[in-house]
Amino acid sequence: MAARYFLPIEKCEVGMKTAETIYNEFGAVIVWEDSLLDENVLNKLRRLRIDRIKVFSEEDEVIPESKNEVFRAQYQNNVDMIKDILHDISVGKSVDLHKTEHISNSIFNKINENRDIVGAISSLRDVDDYTYCHSTNVSLLCMLIGKWMRLNMRTIKDLITAGLLHDVGKSKIPEEILHKPGKLTEEEYETMKKHAEFSYKILQEVEGLNPEICKAVLFHHEREDGSGYPFGIKSDKIPFMSKVIAVADMYDAMTANRVFKSKESPFKVFDILQNHSFGVLETSVVNHFLTNIASYYIGDSVRLSDGRTGEIIYINAKNIARPVVKSGETYVDLFFDKKLDIVELII
Ligand SMILES: [Fe+2]
Ligand SMILES: [Fe+2]
């Protein structure tokens with residue numbers, strides 16, 4: 001598979017293939033990912049003063065991704081701001097829409113940087129900052145899913161905000177339940193479940209916030225088969241945005257390191273989403289998510305269940321959770337070698 005590189009626009013040539021969907025500043029698509037560049041598109045990109053784009057390329061003269069540091073700093077900044085927002089709520093203030101919009105815009109500006117986003121979600125997590133990082137990650141993942149599903153920009157922006165704010169109600173849950181190192185009792189779990197309604201109530205008070213965002217947040221723990229909460233409503237009654245948040249939320253929660261549980265490898269989570277989410281999560285959202293996100297792990301190092309380490313070199317479309325891993329000179333095809341698993345992503 002060809003590598004993805006950033007290339008200055010003046011070095012892009014007719015016939016190269018885009019490795020990202022490129023949007024203009026209003027969010028309209030200029031060119032979809034995986035399209036061949038032609039003179040027309042190149043002129044458009046120049047006119048819009050887009051200085052570099054990601055292309056699939058095997059040429060030597062390329063600029064490696066060097067914006068990682070900037071991305072990480074901005075990510076941390078967003079995490080700090082969401083911390084402020086949640087802190088404000090816990091001391092009785094309301095959600096600062098201005099701050100929220102600032103974070104949402106900063107996240108939206110990253111819409112062409114899929115790889116940095118997936119990388120950040122895998123590596124920038126802090127156990128203590130769980131809720132803040134989780135909010136930022138869910139927001140980023142909602143944006144990616146929106147983009148991969150080719151939703152309109154208005155919906156993607158609403159998804160970013162909804163993802164960011166989906167758990168604000170947790171600021172009303174007692175600290176000892178929220179951070180309990182271990183399984184919650186039934187009673188504690190009932191209290192924890194109230195966070196969705198708390199989020200809704202908090203957000204309803206925010207003047208200028210789209211009511212669809214409030215609804216999306218209220219139903220983010222509802223499930224297709226009616227097994228979710230707070231109302232146990234089924235598939236056709238659940239707003240689409242809630243279904244997107246549900247997938248992003250589950251993925252991030254399962255791949256996170258918590259005080260009481262160690263993280264699952266993304267591939268284990270892909271397996272759960274691929275094989276055990278039918279009837280629980282919306283299939284089209286899960287499918288778009290899985291087919292797109294998996295390829296960003298190509299080139300990453302992993303540890304196998306027999307202790308060997310290796311590099312992911314190929315994602316099998318028939319089973320995303322079981323890629324081909326190169327360990328030393330050996331190729332391990334997990335699609336056929338069912339006895340082995342990926343136990344850890346080595347960051
Ligand atoms: Fe939640
Ligand atoms: Fe959540």
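1. A disulfide is a pair of cysteine sulfur atoms within 2.5 Å. A search of the whole structure finds 0 disulfides. The sulfur of Cys142 lies 15 Å from the closest cysteine sulfur, that of Cys214, which is too far for a bond.

2. This is a predicted model, in which local features need pLDDT of at least 70 and side-chain atom pairs count only at pLDDT 80 or more, while totals for chains, interfaces and linings use all residues. Side-chain values use heavy atoms, without hydrogens and water, residues are numbered from 1 along each chain as its sequence is written, and ligands are numbered from 1 in the order in which they are written.

3. Donors are N, O and S atoms within 2.8 Å of the metal (3.2 Å for Na, K and Ca); water is not among the atoms, so sites may look incomplete.

4. Asp167 also bridges the iron ion (ligand 1) and the iron ion (ligand 2), which lie 3.5 Å apart. Asp167 sits in the loop between α6 (153-165) and α7 (175-178), and His195 in helix α9 (residues 195-204), 28 residues apart. Helices are DSSP runs (H or I, at least four residues), numbered from the N terminus.

5. Asp167 and His195 are both buried; buried means under 20% relative accessible area (1.4 Å probe, protein chains only). The cysteines Cys12, at 5%, and Cys142, at 0%, are buried as well.

Definitions and conventions: Helix = DSSP H or I, 4+ residues; strand = E, 2+ residues; numbered from the N terminus. Buried < 20%, exposed > 50% of the residue type's maximum accessible area, 1.4 Å probe, protein only.
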